[in-house]
Amino acid sequence: MSIAERATQTTWEGPLDSGEGKLSRGSSGALDGLPLTWASRTEQPGGKTSPEELAAAAHSSCFSMALALKLGENRTPPQRLDVTATVTLDAVDGVPTITTSELTVRAQVDGLDDDAFAAVVNQAAALCPVSRLFAGATISVDAQLDQSDSVRPAG
C-alpha cells in the first residue's frame with residue numbers, strides 16, 4: 001500500500017505557442033485554476049506557472065521536509081529552513097529536457113557546526129523522494145548554517 005497518492009489534471013486548449021492550460025481536480029484543490037502557457041515556461045511567467053516551477057516547488061518542499069526530519073533525528077531540530085529549488089529546462093540533443101535542480105538551503109539550527117550540518121544535509125539528500133525522482137538530472141545543494149549568535153557548536 002502506498003504512503004500517499006495525489007493527482008492533478010491539466011486541460012490544454014489550442015496550439016502550443018498560443019494555447020493555454022489550466023490545472024484542476026487537484027487532490028488538495030490548492031493548485032486548481034492555475035494557468036500555464038508555453039510562454040510562461042520559456043519566456044516571462046506573466047502570472048502563470050510552468051512544469052519547471054511546479055517541479056521546483058515539489059523539490060524545495062520535499063527537501064525541506066527531509067532535512068527537518070533528519071535534523072530532528074539528530075536532536076538538532078531547525079528553528080528555520082529556507083530552501084529554494086531552481087529547476088532548469090535545457091535543450092538536450094534538440095529536445096527540451098529538465099537537466100538540473102539546484103537547491104539552496106539557508107538554515108538556523110542550534111548545536112551544529114558546518115561539518116555536522118553537511119553530514120545531515122547529505123542524509124536528507126539521500127532521503128528526499130523528489131531528489132530520487134530527479135535521479136537522472138544533476139542536483140546540487142548549497143547549504144549553509146546561519147552564523148548568528150544563537151548558533152552554538154555541538155560539544
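Two residues are said to be in contact when they have heavy atoms within 4.5 Å of each other. The structure examined with this rule is a predicted model, in which local features need pLDDT of at least 70 and side-chain atom pairs count only at pLDDT 80 or more, while totals for chains, interfaces and linings use all residues. Residues are numbered from 1 along each chain as its sequence is written, and side-chain values use heavy atoms, with hydrogens and water left out.

Helices here are DSSP runs of H or I with at least four residues, strands are runs of E with at least two, and both are numbered from the N terminus. Apart from neighbours within four places in sequence, Ser-60 is in contact with Val-83, Thr-84, Ala-85 and Leu-103. Is Ser-60 buried or exposed? Ser-60 has a relative accessible area of 15%, so this residue is buried (buried means under 20%, exposed over 50%, and partly exposed in between, with a 1.4 Å probe and protein chains only).

Stepping back to the whole chain, 29% of the 155 residues are buried. The chain holds 4 helices and 6 strands, which follow one another in the order β-β-β-α-α-β-β-α-α-β. The C-alpha trace spans about 60 × 35 × 30 Å along its principal axes. Among contacts with a separation of 6 or more, 52% join residues 24 or more positions apart.

The chain is assigned two parts, domain 1 (1-49) and domain 2 (51-145), with bounds that come from an automatic or database domain assignment. Taken over C-alpha atoms, the centres of domain 1 and domain 2 are 23 Å apart. Where the domains meet, 6 residues of domain 1 are in contact with 5 residues of domain 2. The size of an interface is often given as the accessible area lost when the parts come together. Between domain 1 and domain 2 the buried area is about 530 Å², and carbon and sulfur atoms give 65% of that area (the loss is found with a 1.4 Å probe and summed over both parts).

The interface of domain 1 and domain 2 also has 1 salt bridge, defined as a side-chain nitrogen of Lys or Arg within 4 Å of a carboxyl oxygen of Asp or Glu. The side chains of Glu-52 and Arg-41 form a salt bridge, with 2.7 Å from N to O.

Technical notes. Buried area = accessible area lost by both parts, 1.4 Å probe.
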